[in-house]
Each structure stands twice: as structure tokens, then as C-alpha cells.
Amino acid sequence: MSHATARACANLAFVKYWGKRDASLNLPMNNSISMTLDAAHTTTRVEFVPGLERDKVLLSERPARPAFARRVAAHLDRIRSIGGSSEAARVNTHNNFPAGTGFASSASGFAALTCAASSALGLQLSRRQLSVLARLGSGSACRSICAGFVEWQAGRDSDSSFATQLADPRHWNLVDVAVLVTDEEKAVRSSDGHQLASNSPFWQTRNQTISSRLAEIRQALLERDFHRFGREVESEALEMHAIMQTSGHENGGAWQSGIFYMVADTLQLINAVQRWRQAGMDVYFTLDAGPTVHLLCMEDQVGDVLQAVNSLEGSQGWRTIVCRPGPGARLLPGRDSD
Ligand code: 2P0
């Protein structure tokens, strides 16, 4: 019996992955830049069991939804084909944060699954190979393989599309105060949103300007220039949401003009950030494909930011998670040795 347990953190993109060049291989339209988040992680145990009829997937000790279980099984097939195995597996996975609300659980989940399953089959893969493999499970998962500040190279083909570290976690005391304004799962999955991005009239413009955005954010991050970084990161988040909100499409026979991941509380927080900055607070925001607002500040501002959030009307129903630059995907030793 072969088994292994791995843990991987979610990640927060500063330059976004939104739109694919190749949907079957999760090849992105552009490079993206992220921070791996220490406080939001997935722990996954994979056990290949001789004689087991088919893969069994538990999410927090309960049978996973069929669509998720199928996606996990398809990813296990990729890893089994590399390892020359045909054994089915028991997969037990757990997130320490609510999924589908603005934290990329597919990123941490597929990064942890890739590490655990490849190790359980005795494969010795490099970080680059793990990143390529994780990307095939979910694009953003390739970034969660690496620690700290990370860039995913769009690449030309599958083998050249992987993430590398831009700077280690100690490079910068940047903090993400994530404000989860609702536990409700989003209505449009990211995978569907990616497909619709090219319907936006702003799509061409984004592709023409993304390389200067990347250069600007990369440089501000490497130089620890917080205000230059924050300004660009906010614009990038709003540009992605402008694309989402103008990705018109048919849905069940009815026309929808766009995808709205923001809710009223998201907008309340965005407005508050602009007020707080005018009052002298050093804080910026970014958003993912969900209603969660990620407030970016330096370590010495975290107390003030939390206090400001908690003073807003309606904040009683929110949950905050304070994330710092975190480790890459790793095996959890000891607990699982044979
Ligand atoms: C990102 N997001 O860069 C962007 C920003 C959400 C908003 O990557 O289809 O779950 O599994 O490759 O990775 C979410 O997309 O999509 C995402 P798939 P994924 O973090």
C-alpha cells in the first residue's frame, strides 16, 4: 500500500490569469504573478489501494460532489500514466478555508493532490515538473507549488508553462487581509469564466497591454515599492472584473451581459479602501473570481486595517483571514510513513 500526505497553500494573483490559449492544457493567455498565502491551505492524503474498484474522494470526510471527484480522478489518471500504475486511490482532502468565495481552493487543492499522488507512486519530480503537472489539474495550481512571490510563465507549450519563484517569503512583509463577505459559493465557475473572457470588447486591449502591466508589477514587487505596486494591482483587479462584467453570453437560452462576482459588500469595501487611503492609511485591494476583498498592506498596518474593517456597518457577518507570504507545496513527513 502506498500513500502520502501533502499540504499546499492557496495563492493570490497580483497579475491575473483570466483567459486561456488552450483550455484542455490550461495554457494561459499571459504570465501571472502571485503570492502564496500561508494561512489558507489544503491538506490532501492519497492512498493507492490494490483491488479498489475506482477512486474514492472525500472532501472534509464527506464524499465529494461528483463533478469534483471526476476532476480529481482525471488528475490522478495523469499521474498514474506517468507512474505506470493502474491502482485506484482513496483521496482525503481538507481546506482550512471556505471554498469558492475568492480563495483559490482549486489552486491549493490540485497542488497538494499533485505532490501527494506523485509521491505515493514513488515519483521523484522536480518543482518544475510538479508545477507543469499541477497546472494540468487547475491552471492557478502551478503557482501554489512555489513559495513566496511567484511568476507563472505562460510558455509556448505544456512543458514550458510552469511557475517559478520571483522572491522568497522573507523578501517583503506584504500582508493580505482577506475579507470574506459571504460563504455562498459563486454562481459561475472560473473554468467557465476563462472561456468567456474573449467575448469582452476589452479583451484585445488587455492582451496588448498586459506585458507592460507585468513588468510594472514585477519591478514594484522586487523593489518593494508599495504604492506603485498597490496602484497597479488595484487597476489590474478592476480590469479583470471589467472583462468579466462585459463577457456577454447565452445561459440556458437567456442572454447574460456579463459575469458579476462582486456583491454589494464587495463594493462597500472597495469604496471604504478609497476613503481610508484619503485619510492616510496605506492599503490597497485586489479581487479574485469571487466576492472576497483582499486588502494589501504592510505588516505594521495590519492592526489598523483590521480595526477599520471591523468598524464598517455589516462587518459582523464577515470573516477575515490574515495571510502572509507562505511556503510552497510540501509533503507532510512522519504522519504517513509505512
Ligand atoms: C488567478 N483566477 O490568476 C485568477 C484570477 C481567478 C481570478 O486562476 O480552469 O481555478 O482550473 O485553470 O485556476 C481561477 O482559475 O481555473 C484563477 P482553471 P482556475 O488566480
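Which residues form one aromatic cluster? Phe14, Trp172 and Phe229 do. The model is a predicted one, so local features need pLDDT of at least 70 and side-chain atom pairs count only at pLDDT 80 or more, while totals for chains, interfaces and linings use all residues. Residues are numbered from 1 along each chain as its sequence is written, and side-chain values use heavy atoms, with hydrogens and water left out.

Back to the rings. Across the whole structure, a search turns up five aromatic pairs (rings of Phe, Tyr and Trp, the last by its six-membered ring, with centres within 6.5 Å; planes under 30 degrees apart are stacked, over 60 edge-to-face, the rest tilted). Tyr17 and Trp152 have ring centres 4.6 Å apart and planes at 65°, so this pair is edge-to-face. It links distant parts of the chain, 135 residues apart: Tyr17 sits in the loop between strand E1 (2–15) and strand E2 (20–22), and Trp152 in strand E8 (residues 149–153). Helices (H or I, at least four residues) and strands (E, at least two) are DSSP runs, numbered from the N terminus. Tyr17 counts as buried because its relative accessibility is 9%, and Trp152 is buried too, at 0% (buried is under 20% relative accessible area, exposed over 50%, partly exposed in between, with a 1.4 Å probe and protein chains only).

Trp18 and Tyr261 make another edge-to-face pair, 6.2 Å centre to centre with 90° between the planes. Trp18 lies in the loop between E1 and E2, and Tyr261 in the loop between strand E12 (254–256) and H8, so the pair ties together parts 243 residues apart in sequence. Trp18 is buried at 3% relative accessible area, and Tyr261 is buried at 4%.

Met29 is placed in the loop between strand E3 (27–28) and strand E4 (32–48). At 30% relative accessibility, Met29 counts as partly exposed. Setting aside neighbours within four places in sequence, Met29 is in contact (heavy atoms within 4.5 Å) with Gly19, Lys20, Arg21, Trp203 and Asn207.

Next, the ligand. It is surrounded by 18 residues, the closest being Lys20, Ser138, Ser140, Arg143 and Ser191 (a residue is near if one of its heavy atoms lies within 4 Å). Helix H5 (residues 190–196) gives the largest share of this shell, with three residues. Tyr17 shows up again here: an N or O atom of its side chain is 2.7 Å from a ligand oxygen. A polar side-chain atom of Ser191 is also 2.7 Å from an oxygen atom of the ligand, and for His194 the distance from a side-chain N or O atom to a ligand oxygen is 3.0 Å. Taken alone, the ligand exposes 470 Å², and the protein buries 96% of that (areas by the Shrake-Rupley method, 1.4 Å probe).

As for helix H8 (residues 264–278), it holds Thr266, which is buried with a relative accessible area of 0%. Thr266 touches Val181, Leu287, Pro291 and Val293, leaving out residues up to four places away in sequence.

Finally, the cysteines. The structure has zero disulfides (pairs of cysteine sulfur atoms within 2.5 Å). The Cys297 sulfur is 11 Å from the closest cysteine sulfur, in Cys323, too far for a bond. For Cys323, the closest cysteine sulfur is in Cys9, and 8.5 Å is also too far. Cys297 is buried at 0% relative accessible area, and Cys323 is buried at 0%.

How values were computed. A polar contact is a pair of N or O atoms within 3.5 Å; within protein, one must be able to donate a hydrogen and the other to accept it, and residues adjacent in sequence count only if both atoms are side-chain atoms.
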